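Thanks for passing this one along.

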Amino acid sequence: MSRLVIAVDGPAASGKGTIATMLGETYGLPVLDTGLLYRAVGVALERAGGDLADAAAAAAVARRLDAADLGDPALRTRSAGEAASRVAAHPAVRAALLDLQRRFAGQDRGAVLDGRDIGTVIAPEAPAKLYVTASPKVRAQRRWLQLKSAGEAVGYEEVLADIRVRDARDSGRDAAPMRPAADAVLLDTTDLTIPAAADAARRIVEEARARWGQSPG
Ligand code: C5P
């Protein structure tokens, strides 16, 4: 069997996006940053003057979502992250985005998906699952630097507060809460450089492939 689906879950700024991109390059697989889907829904709803608490309106936007909209730099802002986390709590929004994500995971050779519920809901059958974490302070520092280099004027303390609110909302919601799958391997990147985290992630996938009966390479 030559299909390889890799689920990379974890909280904001844990390093999961960087790791997912690197794994996609290593294994020659397409990568989907599923956070962008929720960001696109939140941003489109706000632009249309809608209310992020309105589940039906958010789900209608999610059903019309066009993958071509995912390159918009506005999706990377702090407010887009907040809007994403609010619309992501609506079960109807998650249901509307399910097929697109499952189709992506179902591609012939496999795929890498990063998000919050890939290993638990979207691709529970994935043979390789990582749950990437880091301390809230280190994540806030990384996110603050990213936002600053993208030109957003925001203080570190505000970013740390955002991260704490988002973690609590994402892990406390009823619909597909953020949590590691029972068979996910935890990767704490708090004290790791990017190359060290990438190596650790590759080792986890190689071990999963070996268990799954595939030879590496
Ligand atoms: O990963 P990112 O920070 O871009 O995700 C933005 C928000 O989208 C998260 O805080 C979370 O609420 C939501 N999300 C989700 N499920 C996913 C990916 C993202 O609920 N698979």
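This is a predicted model: local features need pLDDT of at least 70, side-chain atom pairs count only at pLDDT 80 or more; totals for chains, interfaces and linings use all residues.

The points below start with the ligand and then turn to a few individual residues.

1. A shell of 15 residues surrounds it, and the closest are Arg39, Arg94, Arg166, Asp170 and Arg173. Sorted by class, the shell holds 8 charged, 4 polar and 3 nonpolar residues.

2. Which helices supply at least two residues each to this shell? They are helix 2 (35–47), helix 4 (78–87) and helix 8 (156–172). Helix 2 gives the most, with 3 residues.

3. Have a look at the arginine side chains around the ligand oxygens. An N or O atom in the side chain of Arg94 is 2.8 Å from an oxygen atom of the ligand. For Arg116, the distance from a side-chain N or O atom to a ligand oxygen is 2.9 Å, and for Arg173 the corresponding distance is 2.9 Å. On its own the ligand has 460 Å² of accessible area, and the protein covers 97% of that. The space that the ligand takes up is the largest pocket.

4. Ala13 has a positive phi of about 60 degrees, although it is not a glycine. Ala13 sits in the loop between strand 1 (4–9) and helix 1 (16–27). Is Ala13 buried or exposed? With a relative accessible area of 8%, Ala13 is buried, because buried means under 20%.

5. Ala176 belongs to the loop between helix 8 and strand 5 (185–188). Its relative accessibility is 18%, so Ala176 counts as buried.

6. Arg64 lies in the loop between helix 3 (55–63) and helix 4. At 62% relative accessibility, Arg64 counts as exposed, because the cut-off for exposed is over 50%. Between Arg64 and Leu97 there are 9.9 Å from C-alpha to C-alpha, and the two are 33 residues apart in sequence.

7. Lastly, Arg202 is part of helix 9 (residues 194–211). Arg202 has a relative accessible area of 27%, so it is partly exposed. How far is the C-alpha atom of Arg202 from that of Leu52, and what is their separation along the chain? The two C-alpha atoms are separated by 38 Å, with the residues 150 apart along the chain.

Technical notes: Residues are numbered from 1 along each chain as its sequence is written. Side-chain values use heavy atoms; hydrogens and water are left out. A residue is near a molecule or strand if one of its heavy atoms lies within 4 Å of it. A polar contact is a pair of N or O atoms within 3.5 Å; within protein, one must be able to donate a hydrogen and the other to accept it, and residues adjacent in sequence count only if both atoms are side-chain atoms. Accessible areas come from the Shrake-Rupley method with a 1.4 Å probe; for residues, only the protein chains shown count as cover. On a 1 Å grid over the protein atoms alone, a cavity is a set of points where a 1.4 Å probe fits but cannot get out, and a pocket is an open set with protein on both sides within 12 Å along at least five of seven lines; lining residues have an atom within 4 Å of a point. A molecule sits in a cavity or pocket if more than half of its atoms lie within 2 Å of its grid points. Helices (H or I, at least four residues) and strands (E, at least two) are DSSP runs, numbered from the N terminus. Ala, Val, Leu, Ile, Met, Phe, Trp, Tyr, Cys and Pro count as nonpolar, Asp, Glu, Lys and Arg as charged, and the others, Gly among them, as polar. Buried means under 20% relative accessible area, exposed over 50%, partly exposed in between (1.4 Å probe, protein chains only).
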